[in-house]
Amino acid sequence: EDRRTQEFFIDSAHPPAAWVHALWRELDGRGHSPVFATLESLARVLPDEGGERAVSSCLGVLQREGWTRRVAPTDRPGLVTFTGRTGETTGLRGRVYAHLRDMALQARGSSSAWGGGLGPPPATPPAPSGAPQAGETLGAWPDRLAEELDLSREQVLAALRGLEEREVLTWAAPERAGGVEILRPGAPLELDEARMRQRRQRELRKLQAMIDYGRAGCRRRHILDHFGDSRTWERCGACDGCREGRPIAAAPRPLAPDEEVVVRKVLSCMARMEQPFSPALVARVLTGSRDASVTAWGFERLPTFGILRQLTQKEVESVLAELVRAGALARDTVTREIEGRSRSFAVVGLTKLGRDVMFQRAEDFRMHMPLGQAVAAAGTVRPTTPQAVAGDLLVHLRDVRTRLARAEDVPAYVVAPNRTLEDLAAQRPTTRPALLRVHGMGPERVRRFGVPFLDAIRAWERG
């Protein structure tokens, strides 16, 4: 739960590029600079799950990338939004309303809807007739209003509150109305999305390092290793982890053959899913779930559907998390239309390293394998009794598997794992029912690859 909470904050601080583009279109489309608006009003252009926090994050991206500049709070006006109702004509409220009305009407003919941006409103033109339209917005500095109307600041604020109570206008005080100066007006927004993803990945790695610290068997060792300091001991002997005898977490290491099979099954399934999906959905496909989220995409028809049905969904998700840490998968946030609403959620997708691991081209790949004994049921390569296996037939079957894998453009183990080939060479089935009794030769694999294997065995039997 703590991890999900922190991932939520990381996602909020690193919004999807599509959200940043939407906010830029809103700001630049107003046709004036600076723009003064509340986060609440700007959040309307984002999906429902965006909110004010997401607006603030999008503004941070635009500022960091050099497209906008935040206006200092001391330079910000308050924000007056007219409701379309006619204001009072007498008394203190009437004077303030009349002055704001004249400012708004004069601003219609100027280049800025804010009465001249950061400068004072024009004083020479006569006040036009008419009334502000509903939704028309105006920047107003209480101190300037007080000086122009020969009133105190307190009187001006009291009049504004009174007008707001009568629903003539709404008033957002200067500290609530953020100011954004547009530095490249009219230009199409260009973002360094690769750098944005790198920033997010760096934050996720920092989060993982903190989680690992919480689980560390020796806290001092973990800190020294994290910062690259040298040590000559295995345990400090003084931290709570050492005193309680917690085991030292295993460092990333090369995979054992059975672990490699599991990892390559995961990566192969994700390659066949063709695009990034949530870890939960990937785990459902691998474990053979027929949940609606799986069948909606037709993933139950994939040859890798249920290829890790011996594992639980939680176990598969733990493998996915470790593959992200090892760099074989990349975690990202996407926004998609689901049942007519925009939803943002975390997804994982293959990286170049992940594809290299899948095709056995990454010789130095290392990761922490979280399954323990559970990996045996899902990927252990257990040789058949040596004397039962015909060596030359096994070599022949491997050649057949290689040709099939190349023709289908899939890893060899998708066609048949090593244990399946060994069982084929030992049992030497020549009929489809016999083939189905071979370890790993399920109906789908038999349908796709059974005939070539049967032909190879029959030809070998004939000599």
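The model is predicted, so local features need pLDDT of at least 70 and side-chain atom pairs count only at pLDDT 80 or more, while totals for chains, interfaces and linings use all residues. Residues are numbered from 1 along each chain as its sequence is written, and side-chain values use heavy atoms, without hydrogens and water.

**Helix H5**
- Helix H5 (residues 91-107) has 17 residues and should span 24 Å at 1.5 Å a residue, which agrees with the 25 Å between its end C-alpha atoms; the expected span is 1.5 Å times one less than the number of residues.
- Buried residues (under 20% relative accessible area, 1.4 Å probe, protein chains only) of H5 include Val 96, Tyr 97, Leu 100 and Met 103.
- Among the elements covering them are strand E3 (78-82), helix H6 (142-149) and helix H7 (153-165).

**Helices H6 and H7**
- The axes, lines fitted to C-alpha atoms over the stretch in contact, come within 8 Å and cross at roughly 105°.
- That makes H6 roughly perpendicular to H7 (65 to 115 degrees).
- The contact (heavy atoms within 4.5 Å) joins Pro 142, Asp 143, Leu 145 and Ala 146 of H6 to Arg 153, Val 156 and Leu 157 of H7.

**Aromatic pairs**
- There are five aromatic pairs, counted where ring centres lie within 6.5 Å (six-membered ring for Trp).
- Trp 24 and Trp 67 pair edge-to-face (planes over 60 degrees apart), at 5.2 Å centre to centre and 70° between the planes.
- Trp 24 lies in helix H2 (residues 17-29), 43 residues from Trp 67, and both are buried.
- Phe 277 and Phe 299 are also edge-to-face, at 5.2 Å and 85°.

Note on methods. Helix = DSSP H or I, 4+ residues; strand = E, 2+ residues; numbered from the N terminus. Buried < 20%, exposed > 50% of the residue type's maximum accessible area, 1.4 Å probe, protein only. Axes fitted to C-alpha atoms, helices over the stretch in contact; angles between N-to-C directions. Parallel < 35°, antiparallel > 145°, perpendicular 65-115°, else oblique. Phe/Tyr/Trp six-rings, centres within 6.5 Å; stacked < 30°, edge-to-face > 60°.
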